[in-house]
Amino acid sequence: MARRYDSRTTIFSPEGRLFQVEYAMEAISHAGTAVGILTKDGVVLAAEKKVTSQLLESTGIAEKMYKIDEHVVCAVAGITADANILINYARTAAQQFTYQFQEPTPVEGLIQTLCDLKQGYTQFGGLRPFGVSFLCAGWDKYHGFQLYKSDPSGNYGGWKATSIGAGHQAASSILKSDYKEEITLDEALALATKILSKTMDSTQLGPEKLEFATLTKVDGKLVLRTFSPDEITKLLETIKSTGSDK
């Protein structure tokens, strides 16, 4: 029955389903896991990189983390080419808001603008949904630190801790049991590392397989930090020595 209704994004099945949107979500479930954790000190994003070949030259450019603006960073899971289009759109929207109103764009407003575009690709003929989900961390003067998750349908929501990608079910279970309201940034980094160690296929964690980013405030100034390979190695060693990954 599904084959009669899955050739167009604009055709509902008799059960009220849009199969192409569901297939886009299925594509994300095969991507590397990404985790976001909101803390009292900021937001932590961590993601698994899929190493396709040891012969691939590392460019030093983040594969899963994207800076949208000085106060917004995203982790992605899904089709990277689709993510690049949406990231560029979000960056342009953020700069247009800043140019027009002379202040940084509110985080939720930016996410809503991005999701409006994603929703449009599920409603009009001749288009296909974007096969990518986002975890967006940001800060604004209205709501402080925030964490949002969006999917190909254009839905989004605010979260204290969540995950996307292949291991999202196992990650969600760990977050439900280990997350606490007063969690610190260092504890969140340890928790994110623990989650990725449980959800990744590889048993050995390393900087070639992981990416980390944090958004915090230092001396009243917003600091967006993307971890270098050396910093990731040092983080893993620190967590291992303290036993926080158990």
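**Reading the labels**

Guide: Among contacts between residues at least 6 apart in sequence, 61% join residues at least 24 apart. Please keep in mind that this is a predicted model. The protein has six helices and ten strands.

Visitor: What makes the radius of gyration agree with a compact globule?
Guide: With 246 residues, a compact globule would have a radius of gyration near 18 Å, and the protein has 18 Å, so the two agree. The C-alpha atoms fill a box of roughly 55 × 45 × 40 Å along the principal axes.

Visitor: Why is Tyr148 called buried?
Guide: Buried means under 20% relative accessible area. Tyr148 has 8%, so it counts as buried.

Visitor: And why is Tyr156 called partly exposed?
Guide: Its relative accessible area is 30%. That value lies between the 20% and 50% limits, so Tyr156 is partly exposed.

Visitor: Why is the pair of Tyr148 and Tyr156 called edge-to-face?
Guide: A search of the whole structure finds five aromatic pairs, and Tyr148 with Tyr156 is one of them. Ring centres must lie within 6.5 Å to pair, and planes over 60 degrees apart count as edge-to-face. Here the centres are 6.1 Å apart and the planes make 65 degrees, so the pair is edge-to-face.

Visitor: How do you know that Lys149 lies over the face of Trp159?
Guide: Lys149 is at 4.5 Å from the ring centre of Trp159, and the distance limit is 6 Å. The charge must also be within 35 degrees of the ring normal. Arg225 likewise lies over the face of Phe227, at 4.0 Å from the ring centre.

Visitor: Which residues of the largest nonpolar core touch the most other members?
Guide: Of its 27 residues, these are Ile37, Leu175, Leu191, Ile195, Leu210 and Phe212. Helix α5 supplies the largest share of this core, eight residues. Leaving aside neighbours within four places in sequence, Leu191 is in contact with residues including Ile37, Ile174 and Leu175. Another core, of 21 residues, lies apart, and among its members are Ala94, Val107, Phe130 and Cys136.

Note on methods. Residues numbered from 1 in each chain as written. Predicted model: local features only at pLDDT ≥ 70, side-chain atom pairs only at ≥ 80, totals over all residues. Heavy atoms only, no water. Phe/Tyr/Trp six-rings, centres within 6.5 Å; stacked < 30°, edge-to-face > 60°. Buried < 20%, exposed > 50% of the residue type's maximum accessible area, 1.4 Å probe, protein only. Core = buried A, V, L, I, M, F, W, Y, C linked by side-chain atoms within 4.5 Å. Helix = DSSP H or I, 4+ residues; strand = E, 2+ residues; numbered from the N terminus. Contact = heavy atoms within 4.5 Å. Rg over C-alpha atoms; globule rule 2.2 N^0.38 Å.
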